[in-house]
Amino acid sequence: MIQLNKLPKPLVLEENGTEWTKDLMELVNSGKKIPANIGGRYRHTQIKDAVKIETNEKCAYCECNITHQYPGDVEHIIPKAIYRRLTFTWKNLSFVCYWCNNHKSDYIDKSCKLINPYSDEIENHLQAFGPIIMHINKSKRGELTWREIKLNRIKLVERRTEALENLQNLIDRYEDEKILALKQIFKMELEENIKSDSEFSFIKKQYLKDRGII
């Protein structure tokens, strides 16, 4: 998980968000069934495109490249099933993978919130130890987040391990290279690995820090 920045609200949400919320809440308060064409307006193409840009098409939680596996979904940081009024709230929307979203489900506890990648300082709560993500500084929110969302699920750890093996191979090339021009190229490639658009940049950045590369 890395720090994310919220983009300006998409025009379609700026123009229609208040009315969409009004339509939705009228149905909620009347106890009527909510049709998909009303309840699912947050999936609008403009909104989806915006959250994909915000997250570099990665899951806001686990950093896997979502669109490499399936189209991906616009999801809610605070569950809409509990807080219906936040269904079309821009700061509550992000791009999340199927697995993280399923594990997160409708969890909400004001006394111990899951980490919000947009508003919380991630490095105050989580740290990477190789391919494993754990909480630090006795952060209960950090522990809750990696356990609840299952940020160390087997398939994810396997993919992270593969990413670190590839990174280590690049480190070896960089450290062994005698030709300056090639060494500079390898260094730039290492720097590319920790940019925000790189899959699993959180663990790769920590890996390079631990080895004194950055």
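Is E191 buried, exposed or partly exposed?

## Position of E191

E191 is partly exposed, at a relative accessible area of 39%; buried denotes under 20%, exposed over 50%, and partly exposed the range in between (1.4 Å probe, protein chains only). The residue E191 belongs to helix α7, residues 180-193. Helices (H or I, at least four residues) and strands (E, at least two) are DSSP runs, numbered from the N terminus.

## Basis of the model

The model is predicted: local features need pLDDT of at least 70 and side-chain atom pairs pLDDT 80 or more, whereas totals for chains, interfaces and linings use all residues. Residues are numbered from 1 along each chain as its sequence is written, and side-chain values use heavy atoms, leaving out hydrogens and water.

## Aromatic pairs

The whole structure contains two aromatic pairs, defined by Phe, Tyr or Trp rings (for Trp, the six-membered ring) with centres within 6.5 Å; planes under 30 degrees apart are stacked, over 60 edge-to-face, and the rest tilted. W20 and F88 are edge-to-face because their planes stand at 65 degrees, with ring centres 5.5 Å apart. W20 lies in helix α1 (residues 11-30) and F88 in the loop between β1 (73-76) and β2 (93-96), so this pair ties together parts 68 residues apart in sequence. W20 is buried at 10% relative accessibility, as is F88 at 4%.

Y98 and W99 form an edge-to-face pair, 5.7 Å centre to centre with 90 degrees between the planes. Y98 is partly exposed at 45%, and W99 is partly exposed at 36%.
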